[in-house]
Number of protein chains: 4
Amino acid sequence: MILFNSDYTEGAHPKIMQRLMETNLEQTVGYGEDEYCETARDAIRKACDAPEADVHFLVGGTQANFTVISSALRSFQGVLCADSGHINVHETGAVEATGHKVLALPGTDGKINAKQVKEAFELHWKDDAHEHIVQPKMVYISHPTELGTLYTKAELEALHDVCQECGLYLYLDGARMGYGLAAPGTDVTLADVARYCDVFYIGGTKVGALFGEAVVICNPLLKPDFRYCIKQHGGMLAKGRLLGLQFLELFKDGLYYEISKHAIDMAMLLKDGLTKKGYTFFKESVTNQQFIILDDTKLEEITKKYGVTYQERYDESRSVIRLCTSWATKEEDVKAFLEDM
Amino acid sequence: MILFNSDYTEGAHPKIMQRLMETNLEQTVGYGEDEYCETARDAIRKACDAPEADVHFLVGGTQANFTVISSALRSFQGVLCADSGHINVHETGAVEATGHKVLALPGTDGKINAKQVKEAFELHWKDDAHEHIVQPKMVYISHPTELGTLYTKAELEALHDVCQECGLYLYLDGARMGYGLAAPGTDVTLADVARYCDVFYIGGTKVGALFGEAVVICNPLLKPDFRYCIKQHGGMLAKGRLLGLQFLELFKDGLYYEISKHAIDMAMLLKDGLTKKGYTFFKESVTNQQFIILDDTKLEEITKKYGVTYQERYDESRSVIRLCTSWATKEEDVKAFLEDM
Amino acid sequence: MILFNSDYTEGAHPKIMQRLMETNLEQTVGYGEDEYCETARDAIRKACDAPEADVHFLVGGTQANFTVISSALRSFQGVLCADSGHINVHETGAVEATGHKVLALPGTDGKINAKQVKEAFELHWKDDAHEHIVQPKMVYISHPTELGTLYTKAELEALHDVCQECGLYLYLDGARMGYGLAAPGTDVTLADVARYCDVFYIGGTKVGALFGEAVVICNPLLKPDFRYCIKQHGGMLAKGRLLGLQFLELFKDGLYYEISKHAIDMAMLLKDGLTKKGYTFFKESVTNQQFIILDDTKLEEITKKYGVTYQERYDESRSVIRLCTSWATKEEDVKAFLEDM
Amino acid sequence: MILFNSDYTEGAHPKIMQRLMETNLEQTVGYGEDEYCETARDAIRKACDAPEADVHFLVGGTQANFTVISSALRSFQGVLCADSGHINVHETGAVEATGHKVLALPGTDGKINAKQVKEAFELHWKDDAHEHIVQPKMVYISHPTELGTLYTKAELEALHDVCQECGLYLYLDGARMGYGLAAPGTDVTLADVARYCDVFYIGGTKVGALFGEAVVICNPLLKPDFRYCIKQHGGMLAKGRLLGLQFLELFKDGLYYEISKHAIDMAMLLKDGLTKKGYTFFKESVTNQQFIILDDTKLEEITKKYGVTYQERYDESRSVIRLCTSWATKEEDVKAFLEDM
């Protein structure tokens, strides 16, 4: 079986494994206060052009999301997001488990825009009974989104501006950040993300690391005591240096960008091949997730050899499936798949 | 000013006040363990034809809702409800504050149906990644709904059946129960509610009491230790007898039905009068809430003399407003209002 | 049976009942935004000599406690209190249910002192691993305490000073405030409480009202959006004017002090009588709760005619019981009790 | 610097690293549903002699603790534990953040006994107002404890019996389980732990793994839907096989016991050496944590070359420090340390 299910089917990039091996028997202090973590923080601050940012390493994405969100909000405040947002559908109500309502807005290709945010904000505050309604205080977006789409720089800037105007925090979930930065045609850089967002995370789990996400806090209001929140929510790794070492390697000599580029190259190879073969795409995507519409008979056939993610039923005889490439995808596997399609 | 804003603009029915006065200096034990509460529980069990039910008195509706819901669910379970449901929009995220996601379904006139519940249930369980998604475990409905509409007996039965089939709890919010039971054309009785629901509450606040709601638990699985939940969530009134006394009076000699009937008579007077005058209704309602579409200029004029609830903008020059009658509405006030319209 | 169990065995002071009757059929807006509430807020601000304070009315004490505490703290912060504190032992973990740890300190006669607070604060911050420990951020005291004891003005001032120094909030639970203010020998006034505390509540339930507590917020940091917290936690009474009316009456012409004084007079009558008869007191108390040590045989005999609260076992043949007086206690009942003892 | 601070100063046992390297580019499905996890679960069930147990892998100990505890309890239930228990003092209120009170009992050398549990249970239920008090429903112990001490088989059995009798769950935190099982003189085996506990976890983080804890659920009542709880609380690792692979290696050919034995040998070398040199121990410990009382001047000198954990002040001129050995401790380092002492 060759798996295109997801971007976390393999372990870590060999350079990371190498580094973990080399440092394995070194002794360091725990909980992210070692030298490797410190250096990795510096590397990330530099990559983000955000010298004042706080950087924290957490083990996984769901953990990062609810830790950031619950740390920023008061009990009666909620977070606006697209209805397809990961926190709204695929985290078992982790945000609600910390007491906060996810305020879903209808997404367009997985995205929400500044106008929607403004309207939601105004709708709340002009209601005489606003104290009876969850107060919107944060905007959650993902980049790339769950549907593989990307925000443009102008869209990000508009979201930033409306958040500033309304006193909302802008939070970006970058579980697949690398694949967004490396996508063809994007005008968004890591420095843009850092400039426009109050807080965001750079995903490692899906982009070359064994596990780990780097939360970057730009807004000083969100910095105090964040480590308490990490610990309280079970996200403080005893051997924190494992996270530092991985991000150190990812942000050394542009490895993060390089392996992300590879994933995109593989995705475009897949996309072009499928297009040529006449397959229909459910959503236009320039990132590592490709969504196609497939006859159920073809789907049954293909899944004997390849792992794919079943997304949803399209019509009576066709389904939508998701194919993922990653830093680890082999060109030969993509070609074999295209052959079999 | 004459207020048609809501059904809680006055105090309590004079008979209730009388009873509170008469018993005021009696001594009783606290926390709902007095004789008045016991007798009131019996009266409610009898009115519901539910001799085995547990009855608990709580101060308010939001409190009743989140206490019942959080008591019944495990942390990762959520409650299905119409998108317009009170718990989804007007309780400041009280259910989420106890850790549970409200799973909103598109409502039709404030209602959801058995088919929607079945589909939501199946959608969850057939997903391979269902552990990443909040598990539906309860269905919340209100009767009357937020839009003044009512379930039919057949609809309630269908919801009951699908809940039984799927292992879901059916919970009915009866903040305005009396006005539903007294509505023209309804075939739903209190005994039906008790037969079809696992748990529900009979509202006192909006139907003649100073305050208070009677939670009725029919499903034995939901009974154990409910008093701990009430106390923990701040709903256990020290002078519990105040609640018992009020419900005792409401369920003596049919007072609850009689005063509910009065509210409906007033609502129908209002409805007929407005219909004759050519006003357009936003929703057809047979209960004590009437929703009409009004020119903004007319609205401005009328609100100089009458209190109404602004519901939403209808179009550029018209708004939707809500008018409420209650046990306390005076016929002369309705007539004066009709005159001025 | 004559009950000395608690200070909430009767309804409300007749003047309050009278006022509720008179205003019963008036129409007002809901949720505490009516004129009666406004006027009552002014009366309380005046009584507290705190013209800038925010005043909110809640239904009960447990509700007031967890609403205030959870509103003030971030998720990883806790509240210091005496091990005998009401929030630590008699609220079914209501504070923990909002996510916050109660940090119990050994109390002396139900009280904690400035030195203990300082030490707890320093112990936390000098620990290298303080992020692994709940951060103390608030101090909870009650006045009178659960054991009927009182803080002196100097003690309150010292607590205030240490809280200021350490950046902690001082919160005072005044469920029985009136009985503290009216106690012989106390040098603490309501204005002192307002001066020394960041937030406190004045209890109505146990001091003449049917129900209701007035939360007074002096520290501007704790004021924003408190009404959202009340609503989210089920504490926002629909007919809010019921609370306003009761406190209006209590703070008109000194009724609150007058009826508190009566309770203390009755308590002193009881205390003196029991002392003369040779009974031993478990704790020296100058307020409305008196704790005596009683032979089990005597206890069994006396409880045939009188209600008392069993506090704890003293030794093999003796128990500690609590006797409460209140605004409603009749002199003849105290005398009869003394007679029978 | 040579670190004796903790048992998580190095990476993982070389055999584990080797295995991670070998399998690094294999593709597997995520979230612990791969073959490695399945095989590791079988190996653990076998090692525990618990063929029916459910086994789940989580990333860390705090996460394991609050996920297990919150999964088992209803909102008003609490967990009994020693006052020195990790959940009570060193997890930033993680259990409280899920809404549950930790009910601390005075520990003796970090342990609690069956008699204390029984008393706490009875105290709760005989109180007339038990609904006002958190209901004890689980007992938390750690083995070894925070102070390096161990339960005997008889003590575990007694705790088990009292829990059965009272309807409480017995939960054992085995963060350092291996070091307990390998300690001289212990009569407790892994099978005993599985027989006496309803649920427990076998620690990997401190015993040879990079990270990871294996939660073993023996009581069928605690099994349903536990994976939802893991996901909701951020503990479900995307690349779950990393956890499976590590535990697979640990439980192959007795590696877990072998490396634990080494840590104990090193601890005994340290203990004997220090005893011979006349040092005083704060607590008698037969496991990998040794607590000694040290002059502050000696402490200052020794910490120039060695890392130790400052535990607490002993008296004006002396402190208590903790020294840890682990699977990775080098004999030469222990000898050098003894030399310098």
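Predicted model: local features only at pLDDT ≥ 70, side-chain atom pairs only at ≥ 80, totals over all residues.
**How chain C is placed relative to chain A**

- Chain C can be laid on chain A by a turn of 180 degrees, with a shift of 0.0 Å along the axis and an RMSD of 0.0 Å.
- The residue of chain C that comes closest to this rotation axis is C:R74, whose C-alpha lies at 3.8 Å.
- Both copies use the same surface for the contact, since 100% of the contact residues of chain C recur in chain A.

**The contact between chain C and chain A**

- On each side of this contact there are 23 residues, with 23 from chain C touching 23 from chain A.
- Three residues, C:E131, C:H132 and C:Y228, supply 38% of the area that chain C buries against chain A, which is more than any other three residues supply.
- Taken over both chains, the buried area is about 2,000 Å², and 47% of it lies on carbon and sulfur atoms.
- The rule finds 2 salt bridges across this interface, and one of them joins C:R227 to A:E131, with the closest N and O atoms 2.9 Å apart.
- Sorted by class, the side of chain C that touches chain A has 8 nonpolar, 9 polar and 6 charged residues.

- Over all chains, a search of the whole structure finds 54 aromatic pairs.
- One of these pairs is formed by A:Y228 and C:F76, and it is stacked, with 4.8 Å from centre to centre and 20 degrees between the planes.
- Because A:Y228 lies in helix 10 (residues 226-232) of chain A, while C:F76 lies in the loop between helix 3 (61-72) and strand 3 (77-82) of chain C, the pair joins two chains.

**How chain D is placed relative to chain A**

- Chain D can likewise be laid on chain A with an RMSD of 0.0 Å, by a turn of 180 degrees and a shift of 0.0 Å along the axis.
- The two copies are therefore related as by a two-fold rotation axis.
- Because 100% of the interface residues of chain D are also interface residues in chain A, these copies meet through the same surface.

**The contact between chain D and chain A**

- This contact takes 46 residues from chain D and 46 residues from chain A.
- Together the two chains bury about 4,000 Å², of which 59% is on carbon and sulfur atoms.
- Within chain D, the residues that lose the most area to chain A are D:Y8, D:Q27 and D:K239, which together account for 18% of what that side buries.
- Across this interface the rule finds 0 salt bridges, whereas the count of residue pairs in polar contact is 30, with both residues at pLDDT 80 or more.
- Several elements of chain D each supply at least two residues of the side that touches chain A, among them strand 1 (2-3), helix 3 (61-72) and helix 11 (241-250).
- The largest share of that side comes from helix 1 of chain D, with 5 residues.
- By class, the side of chain D that touches chain A has 24 nonpolar, 16 polar and 6 charged residues.

Notes: Residues numbered from 1 in each chain as written. Chains lettered and ligands numbered in written order. Heavy atoms only, no water. Least-squares fit on C-alpha atoms with pLDDT ≥ 70 in both. Contact = heavy atoms within 4.5 Å. Buried area = accessible area lost by both parts, 1.4 Å probe. Salt bridge = Lys/Arg side-chain N within 4 Å of Asp/Glu carboxyl O. Nonpolar A, V, L, I, M, F, W, Y, C, P; charged D, E, K, R; others polar. Phe/Tyr/Trp six-rings, centres within 6.5 Å; stacked < 30°, edge-to-face > 60°. Helix = DSSP H or I, 4+ residues; strand = E, 2+ residues; numbered from the N terminus. Polar contact = N/O pair within 3.5 Å; in protein donor to acceptor, adjacent residues only side chain to side chain.
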